[in-house]
Amino acid sequence: KAEFRSFDGMLLLAVLMSFFGVLFAAPGAVFIHRRLSLSQNGKVSVAGPLTNVVLATIFLILSLIFGNFLFLRFGLSINAWLALFNMLPFLPFDGGKVWVWNKGIWLGVVIVALGLVIFG
């Protein structure tokens with residue numbers, strides 16, 4: 001069993017900071033309610049950042065096909081930055097759990113996310 005718990009104070013802080021040009025969001029976290037093996041925890045932890053990489057890639061492809069619509073550029077940028085941020089190799093971030101499990105997968109996701117941030 002897993003559940004997302006929102007941190008409403010952090011969400012409010014993120015919205016307020018956005019008015020000053022700072023994009024930072026940590027509105028909550030997923031909590032898992034059973035013991036996982038190192039491999040299971042790594043795979044669960046990489047799922048979120050990989051989802052952001054896939055979404056950023058979709059937004060990139062759509063912007064290349066249909067042009068630089070603001071919605072598409074935001075979708076690319078937000079998802080690329082979220083993937084990169086969540087792969088920081090420190091616990092309790094997903095990246096810390098992936099780093100402990102498999103440094104090669106961690107590096108691969110970081111390189112792709114960084115490429116999307118730079119290209120986006």
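I worked from a predicted model, in which local features need pLDDT of at least 70, side-chain atom pairs count only at pLDDT 80 or more, and totals for chains, interfaces and linings use all residues. Residues are numbered from 1 along each chain as its sequence is written, and side-chain values use heavy atoms, with hydrogens and water left out.

**Chain.** I found five helices and two strands, in the order β-α-β-α-α-α-α along the sequence. Helices (H or I, at least four residues) and strands (E, at least two) are DSSP runs, numbered from the N terminus. Buried residues make up 23% of the 120 residues; buried means under 20% relative accessible area, exposed over 50%, partly exposed in between (1.4 Å probe, protein chains only).

**Helix 5.** I looked up residues 103–119, which form helix 5. Its buried residues are Trp106, Val109, Val110, Ala113, Leu116 and Val117. They sit on the same side of helix 5 because they cover an arc of only 130° around the axis; the arc is that of the directions from the helix axis to the C-beta atoms. On the other side of helix 5, I noted Gly104, Ile111, Ile118 and Phe119 as exposed. Cover for the buried residues of helix 5 includes helix 2 (38–66), helix 3 (70–86) and helix 4 (94–101).

**Leucine 11.** I placed this residue in helix 1 (residues 8–18). Is Leucine 11 buried or partly exposed? I recorded Leucine 11 as partly exposed, with a relative accessible area of 42%.

Methods
Expected span 1.5 Å × (residues − 1). Contact = heavy atoms within 4.5 Å.
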